[in-house]
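Trainee: I'm new to this one. Could we look at it together, one question at a time?
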Amino acid sequence: MSAIADAAPGQGGRWTGPLDPKPPASPNPAEVAERLENIWGDAPGLRGWFGTVDHKTIGVRYMITSFVFLILGGLEALVMRIQLAQPNATTLSPEQYNQLFSLHGVTMIFLYAMPVLSGFSNYLWPLMLGSRDMAFPRLNALSYWLFLAAGIFLYASFPLGAAPDGGWFGYVPNTAREYSPGPNIDVYCLGLIFLGISTTVGAANFVVTLLRMRAPGMSVNRLPIIIWGTLTASVANLFAVPAVSLACLMLWLDRNHGTHFYDIAGGGQPLLWQHLFWLFGHPWVYAIVLPAMGMVSDALPVHCRRPLVGYTLVATATVATMVVGFGVWLHHMFATGLPVLALSFFSAASFVIAIPSAVSVFSWIATIYTGRVRLTVPFLFFTSVILLFVIGGVSGVMTASLAFDWQLTDTYFIVAHLHYVLIGINLFAVVGAIYHWLPKMSGRMMDERLGRWVFGFMFIGFNLAFLPMHWLGLIGMPRRVWTYGADMGFSATNLVVSIGAFVFATGILLFLVNIATALRSGRPAGPDPWGGPTLEWAIPSPPPVYNFAIIPLVATRHPLWEDQLDEGSERSQLASGFLLDNGKETLGVTPLDGEPDVILKMPGDSLLPFAFSVAALVLFGGLLVGSAWIAVIGGAAAIIALVVWFRPHPTPEACEKVRIYD
Amino acid sequence: MTGTGGHAADRLREIGWGLSAVSVIVVVLIAGLIGLAIARGRRRLAAEGDGVGRDFGGLSWIYWGVGLSFPVLIALAVWTFIVTRAVANPPSPTALTVEITAHRWWWEIRYRGERAADEIVTANHLVLPVGIPVRLLLTSDDVIHDFWVPKLGPKMDMIPGKSNATWLEADRPGLYRGQCAEYCGLEHARMAFTVTAVPVNDFRRWRREQLQPQVPRVGRGAAVFTSACSACHTVRGTGAAGILGPDLTHFASRPTIAAGVLPNTVSGRLEWLGDTQGVKPGAAMPQVPLDEADRGAVAQYIGSLR
């Protein structure tokens, strides 16, 4: 049973530090801990490093890798802002600029925004769900290694001057062989197909994990919102990613093997690409914000000392956003000359999608208003998300307006809008979430004073960089231009934007310093520094490799707040329950009610995911350079890895059914 | 959003200001609510400590918030569709059709006449009669481009293999800048054109002048042009009949060179001929090897093609 002491607020309502160290609510007695440690721990040395299937290690790797890509993409942006700070600048050639803006988009959207959320979800899901791992740990490792391999594949082209240069949206025929003869676009096509495999296996893993890998009693109406967000995004990805993979495959075939999917001379249609791309692209935009909105919905209430207002409405709105999100893709194509009647439906749907967003916004504000606010750094970031989301939201409503979008589309207004949405909801939420959950991951607190500086630089820099861009768009500055004339009236605003970009980058730099000092010398966090309601705060920080020594039994939505909320007589059991120490085991539950169903034997470390990813990298490398031999070697190695992976095992000795409610 | 030249753009500007005003009001309101919420939340923390508490009444925020947002969104959607209808179709039948074909990275502009002989072709310079809606047929010769004159009306993509129809009307005479709005490769940033809106009588005169072929000339400039430039460029009435580059028959009547990159002046022409690929890297026109005297002669010759 959890017992949370109320921390004394510091002066002026400011939160002054972690609670007194106290034992975790979910105990791990020494003799059991040692046994579980032996069962669940990684093999020593390199084998363990490459072979680990621990969801926490994989989650952290996901986050670190995606932050490396965030920094690369950010540096690309800064170089572009140097070029655009003044009219008629020649810091960059048009070719260099085009590669930079294309790679910047591909990096941020594919290699940062989704993977960083996959990292968080990978780390947090089993901890929040009261499980010991994801449903398919090896598949989990595979999705990470494939992501890393695809990222390396896309970036290896950059120093060779062959980075994608057709924009992240890669419109044909500009990307057809005729107009882009180099390998740049082949890198893009193959890279996205490659990455799509990673996203797909990761998404499938999340869906099955949700259905089966929960603590007993964790019914669907008790799931944290981040689980709803990631689940919704994962289901969406299973439908959306095939569209872009197919589109890229067809483009690659057009470019290299004489097909005519997009080639008018052969009866193809350039607009087919746009339909397929945005059929993927718009749901993807929601997929890379919904889990981040989930972070806000789960973590903001902790700093407001009360449950989220309107849990059911917010969870429903999350799903509704995604459903409607599949019906708005034509709003990226308002100027393509399609019939106005057809476009009007998509315009209307794009207005409607503001409704579920409004649910979240007002839920968050109500949570603050009716809560007891600790002015912590995570609180500052999560609250700024609300404001930035609203700014990105109203500019989204402006672009939803069919007629006015005919003026706005392809201008800097859209650049402003999409950065408010993606940085505002994704990055600000992610940074807040790192302040919130890094103590859990590392066992150490991040410095609040430095954190306030980070917030100040990031918030001011961001708005300085992107708010004026709305104006640039309204006065007619088109997107994706490598320079502009001095007589256009864009110069002063662009200078402000560039200065803002560097202020923002300073904030990110300070943030990295903040993380580094926390990891080295941060104050010990204890198991539950914020006094949180969900299961991850019931175990030590950092969590042991097996997560829960005793599988908890969940009775309410806020297992650690039950005494304070006093919503009924039911209490979650954290100190007694299934031990499951007869081998690497965890509990499988029934999909809806979360009743114990089966003891799952979990797979151990394996080098196969890594081996398969290396083989796939060789395969895609061979396809890129047009070498059948390299491709065949890579493909054969991949098949061998799969055969070894899927070889029949001896009958598992123990898959006993457990029934305790019968 | 400033200084429009036609009523389509006027309508778009109205709804643009309307949407912007609603947006700013919403953002300010929400910012105020967030500030209010933080102030109250901090007061409660100071008064009650930071123990976890259960509170009621929060749900009404969502009901009110969504309830108030919904009619505003409906109103904006209805306004959108009213403006869309007004902007999508011309107010009166169009009397003139102009075909515009985008190339990487310039605009070929063709005025169809009733007879084949009435057709005129120009480049990067669209001349419009004031007060008359003009039908535009837009297509592309290579990649996707987008036709956009911000001060006159909405964008329309130019897609190879597809002819997109739109219309344009300038209600006030003047010069308007047009610009490619869809990323089309290397020189997307420098694919502009000029719209000149003139009174109807001036338009008729301009059209008559453009219909006139040039008279073959003697002299060094004409000779060098014929040998070095005529494979790609047409000057009607002379031997030059190339079709790869812009028709240069009345080149001197156009305000810019190379799709808005340089002013069409003596020095602009010399700069373009002297360093074509330096001025506009990737342009289809190669650096033509001419010595300085030839360059000057050609610049003078094309400057005389009024």
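Mentor: Gladly! Let's begin with a term: a salt bridge is a side-chain nitrogen of Lys or Arg within 4 Å of a carboxyl oxygen of Asp or Glu. Keep in mind that this is a predicted model.

Trainee: Which residue of chain A forms a salt bridge with B:Glu48?
Mentor: The cut-off for such a pair is 4 Å. Here the closest N and O atoms are 2.8 Å apart. The partner of B:Glu48 is A:Arg372.

Trainee: How many salt bridges are there between chain A and chain B?
Mentor: The pair B:Glu48 and A:Arg372 shows what a salt bridge looks like here. For salt bridges between chain A and chain B, the count is 3.

Trainee: Which element gives the most to the side of chain A that touches chain B?
Mentor: Several helices of chain A give two or more residues to that side, among them H4 (94-129), H13 (377-400) and H16 (448-474). The top contributor gives 11 residues, and that is H12(A).

Trainee: How many residues on the side of chain A that touches chain B are nonpolar?
Mentor: Chain A brings 88 residues to the contact, and chain B brings 79. On the chain A side, 12 are charged and 23 are polar, while the nonpolar ones number 53.

Trainee: What area is buried between chain A and chain B?
Mentor: The size of an interface is often given as the accessible area lost when the parts come together. Carbon and sulfur atoms give 70% of that area here, and the total is about 7300 Å².

Notes:
Residues numbered from 1 in each chain as written. Chains lettered and ligands numbered in written order. Predicted model: local features only at pLDDT ≥ 70, side-chain atom pairs only at ≥ 80, totals over all residues. Heavy atoms only, no water. Contact = heavy atoms within 4.5 Å. Buried area = accessible area lost by both parts, 1.4 Å probe. Helix = DSSP H or I, 4+ residues; strand = E, 2+ residues; numbered from the N terminus. Nonpolar A, V, L, I, M, F, W, Y, C, P; charged D, E, K, R; others polar.
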